[in-house]
2 protein chains.
Amino acid sequence: MSSTPQVLIAIIGAGGVGKCFLSQFEFLARKRPSPKLSLTYICTSKKAIYNTDYSPIPTENVLSSLPSSSQTPLELPKLADYLASATQTGSTKEVVLVDNTSSQDVAEAYPLFLSFGISIVTPNKKAFSGSYKLWQDIFEASSKSGAKVYHESSVGAGLPVISTLKDLVDTGDEVTKIEGVFSGTMSFLFNSFAPTSGTGGKWSAEVKKAKELGYTEPDPRDDLNGLDVARKLTILARLSGLPVESPSSFPVQSLIPTELESASSGEEFLQRLPEFDSQMEETKVAAEKEGKVVRFVGSIDVASKQVKVGLEKFDRSHPIASLKGSDNIISFYTKRYGSNPLIIQGAGAGGEVTAMGVTSDLLKVLSQIV
Amino acid sequence: MSSTPQVLIAIIGAGGVGKCFLSQFEFLARKRPSPKLSLTYICTSKKAIYNTDYSPIPTENVLSSLPSSSQTPLELPKLADYLASATQTGSTKEVVLVDNTSSQDVAEAYPLFLSFGISIVTPNKKAFSGSYKLWQDIFEASSKSGAKVYHESSVGAGLPVISTLKDLVDTGDEVTKIEGVFSGTMSFLFNSFAPTSGTGGKWSAEVKKAKELGYTEPDPRDDLNGLDVARKLTILARLSGLPVESPSSFPVQSLIPTELESASSGEEFLQRLPEFDSQMEETKVAAEKEGKVVRFVGSIDVASKQVKVGLEKFDRSHPIASLKGSDNIISFYTKRYGSNPLIIQGAGAGGEVTAMGVTSDLLKVLSQIV
């Protein structure tokens, strides 16, 4: 019998990130002779593919086979049982669950999977930015069983944001402030609406353009309400040692005009948004009068325990002002780094770079479990 | 008997980085109950402290005790034997060697330590930027024995440069170009000499000021010859897949006037440098005429396999031009990240941040060996 250690991979989610992850997973499996990686389970919300004897699923055509599969996804507790049993069959096997969804339900099952010794890698923000109780349950379960949990792509996609913050904290640095642009959508909108040179378009026109280019959620209000940024700030604040209760427990500025909160659809919202252009124009002009530009940022002041998300004004030469395209930028102010922060910048959204964070998390787990 | 796994730490070097590392090590040892970390050997070039039975050395006063210790450092092969034997005494122990020197001799002994199963963490550039043979020997020894070797601080100190590049490569991204300011000294010099606004001082005056502020080596020529940057580029190029033979196998522009290469001392060099100010002034003015500023950068073009180090002109709005203080900036251009690179920026020198890279490497090793 071969003594090459085996690791079984179970994937939930085969959307944009899931597809890119699968292709990176194939690259890994091809390139690394040990441990032997095999796909043992894959599902979407409606369909699944798996073998009851855990035999490997060929990855080549799995995405095209999924929609017509006769199997349906296992209920999450059953999936946990199914995967936990794999670790007890024949040669020693480890199992890693890859959650490529943004599902709250899957997130809430993490403590169960972890308690069964199943490691987790995921870009899903929900588990780490929901209730503080869930956060605690996840890391307690991981600590007890030794199963690992990594979520680099939950903030800034593949940018090394979470690993860097953990390194700072774990080596004893004092993080004093974290500030940045955490949303690719907001970055794109403000870099176009209030550029550092030139005038930019009308707010409603920029939102419409961003939607057409695929930079927003189907209903742009899901970006403009600031919740996505608030979730990311919740995660970073908790990693910095602040027990933030939830993403709604600190001030988050919504860019949805009150009158349009109840619009019945994204289409109706976009149609009526021009009526409110003067509000954003005033904000832009007020900043310009100070020689500044307006940006949508999040910040965590660790000493005063203040977390906030909203519009701020920046000098045109500030790194946050001169961001390009839909890039994110995250600045860590710490005791060691002094007045010049450690800065990480680049694409913070997109299938390939998000999957990259998940794949590098998987590599971290593999280096530790086999 | 306790079942808490033990890890013995051996430290070579107790200078600026060594002192900071020791304090971060004390923080780790205090904070992490498992594995039990203990200091088993520490030395400078002249003195050492260790117990023949491997019993832990108290860390509190070790730095003040070292200069008056009656023990001298073990020869490197003897040290390797001494540490390898520790792994065979009583309960299972792992050993990590922390090389906080910039010694070529210690670097050349890495394959030996690794072949004995002793992991290594270090900011020492010499091992990874010397001959390509040594590079291969190191990673072959590590691969055979399973001992780990990490050197984050060999480029950009504690900035996550090497880990990010490894993640990009290991997950299958194609790195097309790496470009940046890799020297804190060069950063400081050019940010003062050719600022994006204002005029800056004379070249020789800026070099003198940098030396007085402790930003240069005792002999500033050791910074101005470009070799430090060439070593860092060698490391990044190799990690990107280019088998660069040595830091002298690609073009490196020296900023030492030919006539001063043979000056007998750093003092004489500084005294005579004003005679050559017109050369650098011409370069600066030529850039200004194009609306640009001059910077000392390194770049790796992976496709064309070109590595080079020297002066380049940048638009004033370019992130490399608007760097502050003695910050480093490193841009990774990759297939996934497209036209907007992944950028990492911040202090790339200094005891605390360099030690931080070493300590976080130690954490990586610990997570894998116990």
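**Conventions.** I number residues from 1 along each chain as its sequence is written, and chains are lettered from A and ligands numbered from 1 in the order in which they are written. Because the model is predicted, local features need pLDDT of at least 70 and side-chain atom pairs pLDDT 80 or more, while totals for chains, interfaces and linings use all residues; side-chain values use heavy atoms, without hydrogens and water.

I looked up β2(A), residues 36–43; strands are DSSP runs of E of at least two residues, helices runs of H or I of at least four, numbered from the N terminus. Seven of the eight residues of β2(A) are buried (under 20% relative accessible area, 1.4 Å probe, protein chains only).

I then checked its partners; two strands pair if DSSP finds at least two bridges between them. Strand β1(A), residues 6–12, runs parallel to β2(A) with seven bridges, and A:Q6 has A:K36 as its bridge partner. Strand β3(A), residues 48–50, is antiparallel to β2(A) with three bridges, and A:Y41 stands opposite A:Y50. Four residues lie between β2(A) and β3(A) in their hairpin.

**Second largest pocket.** I read a volume of about 1,300 Å³ for this pocket. Of its 44 lining residues, A:K125, A:E217, A:A349, A:G350 and A:T354 are the closest to the centre. Helix α12(A) gives the largest share of the lining, four residues.

A pocket is an open set of points on a 1 Å grid over the protein atoms alone, where a 1.4 Å probe fits, with protein on both sides within 12 Å along at least five of seven lines; lining residues have an atom within 4 Å of a point. The volume is the space filled by probe spheres set on the points, which are joined across faces, edges and corners.

Conventions. Buried means under 20% relative accessible area, exposed over 50%, partly exposed in between (1.4 Å probe, protein chains only).
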